[in-house]
Amino acid sequence: MGDDNKDGDAEEMPVKVGKVRVKGVKITKSRLIVPEVKGILGSSTQKELFENLLKAHSHLHSYGIFEAVSSNLGMMDDAEALEVVLTLKEKKRHMLHVGMEAAANEVLTNISGQMINLFGGAESVKVNACIGHSRSSSYELTVLKPLSHQIALSHVFASVYRRSTNQLPSLHTEATIGSTAGVKIPTRLGQYSCGYAFDCRHITGLSPTTPLGVRLEAGHSVKSSVQHSLELNKTNSAAFPSKGVRCRLSQEVAGLGGDVRFLKTDGELQLNTTVPYTPLVFSSSLQAGAIVTDRAEVPISDRFFLGGPQSVRGYRLRGVGPRDGNASLGGRAFAAAGAHLFSPLPYVSSDRFRMHAFVTGGSLLPSVPSPRSP
């Protein structure tokens with residue numbers, strides 16, 4: 001009881017910060033740092049000082065332009081006030097990455113470049129090129145800028161892109177040229193994103209075996225839409241979570257001009273937990289979505305598809321749902337669920353390789369009635 005009182009007294013001990021010195025800044029503008037300095041200078045107790053220091057570290061890291069942030073405390077020459085030294089190490093402004101990945105029915109070469117802190121205000125420009133061994137490719141240019149220096153992890157973004165995707169399970173190729181712009185803002189419920197997208201699509205690359213249900217979709221279409229999403233991620237790892245919850249809800253409203261009009265809603269929920277007294281990790285997931293439209297059918301470019309490692313395992317990519325011959329047609333509503341059990345491999349210390357047992361299932365409703373739909 002006495003120790004608790006001593007700790008409480010120490011936290012409420014009055015302090016005076018007389019000076020904050022910032023070291024290591026070469027390019028970053030002062031408007032990113034001054035709000036953090038003011039917060040530190042305004043500390044009146046020891047507890048406030050440490051809270052403001054932690055807040056400053058977190059906020060400065062969130063810009064993504066600093067490799068390291070550290071602080072040291074000392075007394076000023078007159079020994080009447082504290083001096084705080086805030087040391088910042090800026091990241092390299094230019095980065096280039098080249099790699100390869102094996103995706104479904106495709107081997108991709110990825111080339112990405114990034115310039116960060118372009119004008120000293122945490123702006124960044126990203127360029128990405130993804131080239132497949134067949135007819136798939138994508139090129140994208142994205143610009144990001146902090147929305148507010150008072151709100152961490154908030155930014156505005158704009159991008160232009162050109163994509164060509166070989167939709168082999170649906171026996172066609174889809175080419176898209178488009179642009180999007182919007183904002184991302186952190187909230188108590190998660191990361192909120194809202195933006196506008198304009199896409200010019202072209203269904204082409206039909207083969208002699210492409211069925212009539214896909215051939216009718218061939219040609220050009222224009223989509224003008226507003227999109228927004230909310231994502232909450234409380235997992236302890238992005239790749240292999242062992243505990244925590246992740247959920248996402250997205251909506252797209254198309255019809256602000258263009259050729260298509262619909263309301264598309266989809267979401268997913270994932271729960272992860274460790275089985276007590278074992279190294280096993282149990283994960284459960286639920287996905288669902290629906291499209292509402294006043295048109296006769298939903299374009300194949302906007303439909304839902306099921307099957308493959310990201311939805312219903314054990315089925316090939318787009319292998320679940322309505323088909324016309326060998327082509328997957330997709331649908332306007334779906335639901336899928338799964339239960340997964342992960343176990344570490346014996347004699348392997350890395351958690352990147354694990355045994356995986358699963359049970360998954362799902363259903364996809366057709367976009368339009370078809371006599372060939374299973």
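**Ground rules.** Since the model is predicted, local features need pLDDT of at least 70 and side-chain atom pairs count only at pLDDT 80 or more, while totals for chains, interfaces and linings use all residues. Residues are numbered from 1 along each chain as its sequence is written, and side-chain values use heavy atoms, with hydrogens and water left out.

**Helix 3.** I started with helix 3, residues 46-62. (Helices are DSSP runs of H or I, at least four residues, and strands are runs of E, at least two, numbered from the N terminus.) How far apart are its end C-alpha atoms? They are 25 Å apart, which agrees with the 24 Å that 17 residues should span; the expected span is 1.5 Å times one less than the number of residues.

Next I looked up burial (buried is under 20% relative accessible area, exposed over 50%, partly exposed in between, with a 1.4 Å probe and protein chains only). In helix 3, Leu-49, Leu-53, Ala-56, His-57, His-59 and Leu-60 are buried. Their cover includes strand 1 (17-23), helix 2 (30-41), strand 2 (66-75) and strand 3 (82-90). After helix 3 comes Gly-64, with a positive phi near 75°.

**Positive phi without glycine.** I then checked Asn-117, which has a positive phi of about 50°. I found Asn-117 in the loop between strand 5 (106-116) and strand 6 (124-132). Buried or exposed? Asn-117 is buried, at 3% relative accessible area.

Arg-318 has a positive phi too, near 60°. Arg-318 lies in the loop between strand 14 (281-292) and strand 15 (323-324), and is buried at 15%.

Key
Contact means heavy atoms within 4.5 Å.
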